[in-house]
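This briefing is meant to be read with the sequence and the model side by side.

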Amino acid sequence: MANHALFSSQPSSTAFAATARNEAGGRANVLPAKHALAQYALTGCLNGTFYAEAATQLAVTLALCSKVDDAFLARLAVYARREGGMKDMPALLCAVLSRRDPRLFAWVAREVLDSARMIRSFVQIIRSGAVGRRSLGTAPRRVIRDWLARVDGDTLFRQSVGTRPSLGDVLKLVHPRPETPTRAALYAYLASRPVSFADLPPLVRAFEAFKRDPQNATLPRVPFQMLTALPLTAGHWADLTRNAGWQTLRMNLNMFARKGAFSFSGVDAVVAHRLRDPAVFFSGQAFPCQILTTLQHLSAEVPP
């Protein structure tokens with residue numbers, strides 16, 4: 001047995017004293033600023049939760065950012081994105097860092113702002129004024145232009161889904177310098193400026209051809225959100241379902257079922273295989289709560 005003199009039951013008065021209240025109103029200990037900020041960065045959603053409103057989360061996060069050094073803020077932003085799979089929180093930390101240390105921000109941004117969605121979130125946060133600035137400034141513009149230059153045209157077009165701001169809005173803010181006529185045409189197209197159809201990349205031309213004649217043109221390999229305004233057939237939806245990414249499948253199983261995608265032979269087997277494929281699963285970076293939510297709301301129309 002362990003030494004009773006050392007490991008006897010201690011009076012409750014010697015326990016750590018709870019000196020604060022958590023969002024639920026319960027007694028709690030105050031975490032050090034770095035620990036508390038890391039917790040917010042890896043679990044915060046910047047949306048209303050059961051106990052805390054979105055504005056409260058933002059205010060607490062910004063207050064904690066002011067209490068940590070720039071190097072820690074940089075490492076935390078990268079960790080939250082790479083290991084935590086977070087989106088809005090790393091973008092917010094990047095926005096804070098862009099004001100405090102532009103050189104360090106430029107390094108971190110290459111690791112954190114790794115998609116059009118992340119770029120758009122970052123720009124939205126900056127323009128809101130929440131971090132103390134409303135203009136992008138030199139370093140953020142350079143970072144975004146560098147990202148645009150690294151991404152191939154098809155990826156850029158497929159990631160152009162979304163508004164407020166749209167990718168076209170971002171292009172108008174940063175004024176990238178296209179290196180080829182095709183890239184110049186793509187930038188103009190995304191920014192809703194006049195452009196020659198012949199100069200557009202093949203994927204964009206295929207998309208425009210399908211928009212003009214959905215019944216006879218080939219379905220382009222683009223996100224289904226770009227096609228929902230068109231008169232798609234059940235066959236089109238079946239093709240979209242077969243080629244959807246992991247997260248797209250998880251989030252839209254009920255809709256694909258309503259559109260008749262699973263009425264076509266083999267579609268259910270393709271979807272089931274993709275959903276349980278470990279390589280595809282981990283690339284989707286799904287959180288357990290997301291999977292649970294999907295299971296709880298599955299329609300009876302979705303094949304078991």
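**A kinked helix and its setting**

Helix 13 has a kink of about 70 degrees, centred on Asn-252, where the bend at a residue is the angle between axes fitted to the seven residues ending there and the seven starting there. The model is a predicted one, in which local features need pLDDT of at least 70 and side-chain atom pairs count only at pLDDT 80 or more, while totals for chains, interfaces and linings use all residues. Residues are numbered from 1 along each chain as its sequence is written, and side-chain values use heavy atoms, with hydrogens and water left out.

**Whole chain**

- The chain has 16 helices and 2 strands, helices (H or I, at least four residues) and strands (E, at least two) being DSSP runs numbered from the N terminus.
- Of its 304 residues, 39% count as buried, a term that means under 20% relative accessible area, with exposed meaning over 50% and partly exposed in between (1.4 Å probe, protein chains only).

**Helix 13 and helix 12**

- The buried residues of helix 13 include Trp-246, Leu-249, Leu-253 and Phe-256, and Asn-252 is also one of them.
- These buried residues pack against helix 12 (234-242), helix 14 (267-276), helix 15 (278-283) and helix 16 (288-296), contact meaning heavy atoms within 4.5 Å.
- In helix 12, the buried residues are His-236, Trp-237, Ala-238, Leu-240 and Thr-241, and they pack against helix 11 (202-212), helix 13 and helix 14.
- Helix 13 is followed by Gly-260, which has a positive phi, near 90 degrees.

**Helix 7 and helix 9**

- Helix 7 (residues 138-150) and helix 9 (residues 167-174) pack with their axes 10 Å apart at an angle of about 120 degrees; axes are lines fitted to C-alpha atoms, for helices over the stretch in contact, and angles run from 0 to 180 degrees between N-to-C directions.
- Arg-141, Ile-144, Arg-145 and Leu-148 in helix 7 meet Val-170, Leu-171, Leu-173 and Val-174 in helix 9.

**Backbone details in the loops**

- Most residues other than glycine have a negative phi, and most peptide bonds are trans.
- Arg-164 and Pro-165 are joined by a cis peptide bond, with omega about -5 degrees, and Pro-165 lies in the loop between helix 8 (153-158) and helix 9.
- His-175, although not a glycine, has a positive phi of about 50 degrees, and it counts as exposed because its relative accessibility is 56%.
- Ser-192, in the loop between helix 10 and helix 11, is not a glycine either, yet has a positive phi of about 60 degrees.
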